[in-house]
Amino acid sequence: MRFFQNTNYDFVAARKVGYVVTAVLLLVALLSILIRGLQYGIDFKGGTEIQLRFTSAVEVSEVRRAMDFAGVKAEIKRFGADTEILVRTDVEMETTALEEAVMGGLKEILPDNPATIDRNDVIGPKIAEDMKAGAVYAILGSLLLILAYISIRFEFKFAVAAIFATFHDVVVVLGLFSLLYGLFPGLNLEIDQTIIAAFLTIVGYSLNDTVIVFDRVREFRKIFKGETLEEVINKSVNSTLSRTFMTSFTTMIVMVILYIFGGETTRPFAFAMILGIIIGTYSSIFVASPIVLEWVNRIEKAKS
């Protein structure tokens with residue numbers, strides 16, 4: 001069964017609506033980032049990471065209750081087996097005092113399930129800044145490689161359109177993380193290495209959709225030489241719509257399942273991917289191709 005087969009939607013005619021939607025999304029995202037800011041995990045702001053090993057299986061919610069009792073604001077994750085927990089906190093305390101507070105809370109809330117500290121790592125501000133810079137370089141580097149790749153495979157204007165669409169996707173998802181932070185209990189929207197991995201995945205996912213449309217545009221320009229670029233873009237987007245929908249839909253199912261059943265550790269990654277799939281699918285249709293169209297139209301207008 002195939003959806004959106006043999007469609008003939010006029011996406012080009014709706015591009016001005018797309019411009020407004022894109023402008024609103026970017027404006028809201030950038031304002032939220034500037035006003036509310038981004039909340040960073042200890043990967044990017046420094047802190048302490050304590051690996052605990054319990055005698056028997058333990059629930060994350062129980063450890064969180066123990067940390068609340070001890071007055072230690074922390075991110076709690078399962079780490080490996082059911083008896084292992086990772087506690088990450090940016091509380092400014094001496095290492096010994098922090099360990100005593102953590103163990104005191106555990107003994108009070110979980111007296112029948114003793115724990116030992118397997119590892120205690122401190123991430124200093126300098127290391128955190130280096131990791132933050134590395135994340136920025138990773139995203140910028142991927143965008144530059146995309147620019148070079150698409151310029152070689154297609155044309156420079158296609159590369160610029162793809163870069164803007166991808167940049168749009170990353171900024172909007174970042175803005176939503178800023179805007180929604182603290183609104184959903186149990187959903188940690190801090191920016192850490194896991195979220196950077198999600199952003200890089202979104203970059204690849206969005207690019208894949210965009211390249212498929214561009215490849216069809218290049219193919220149809222050779223086949224339908226007598227038609228305008230607007231008609232060629234419409235044919236291209238419509239011809240790939242079924243594939244785009246099915247790819248996005250099946251990936252979305254996996255991410256929703258991961259979000260619901262994956263636990264607190266994977267939930268932020270799945271949430272970022274869900275947002276990225278929706279926004280990336282939108283941008284491949286209403287952002288990337290219209291930019292190419294406007295570019296060509298302006299060149300032709302300047303020549304005439």
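This is a predicted model: local features need pLDDT of at least 70, side-chain atom pairs count only at pLDDT 80 or more; totals for chains, interfaces and linings use all residues.
**The H1–H6 pair**

Helix H1 (residues 15–35) packs against helix H6 (residues 156–180). Their axes lie 8 Å apart, at an angle of about 50°. The crossing of H1 and H6 is left-handed.

Both helices supply residues to the contact. From H1 come Thr 22, Leu 25, Leu 26, Val 28, Ala 29, Leu 30, Ser 32 and Ile 33. H6 contributes Phe 164, His 168, Val 171, Val 172, Leu 174, Gly 175, Ser 178 and Leu 179. By class, 11 of the contact residues are nonpolar and five are polar. No charged residues take part in this contact.

**The sheet**

Four strands form an open sheet. Their order is S2-S3-S1-S4, and the pairing is antiparallel. S2 and S4 are the edge strands, each pairing on one side only. On average, neighbouring strands are turned by 20° against each other, direction ignored.

| Strand | Residues |
|---|---|
| S1 | 47–54 |
| S2 | 74–78 |
| S3 | 84–89 |
| S4 | 115–123 |

S1 and S3 pair in the antiparallel sense over six bridges. Arg 53 stands opposite Glu 84 in S3.

Helix H3 (residues 60–70) packs on this sheet. H3 touches S1, S2 and S3. The direction of H3 makes about 155° with that of S2.

Note on methods: Residues are numbered from 1 along each chain as its sequence is written. Side-chain values use heavy atoms; hydrogens and water are left out. Axes are lines fitted to C-alpha atoms, for helices over the stretch in contact, and angles run from 0 to 180 degrees between N-to-C directions. Helices (H or I, at least four residues) and strands (E, at least two) are DSSP runs, numbered from the N terminus. A crossing is left-handed if the near helix is turned anticlockwise from the far one by less than a right angle, and right-handed if clockwise. Contact means heavy atoms within 4.5 Å. Ala, Val, Leu, Ile, Met, Phe, Trp, Tyr, Cys and Pro count as nonpolar, Asp, Glu, Lys and Arg as charged, and the others, Gly among them, as polar. Two strands pair if DSSP finds at least two bridges between them.
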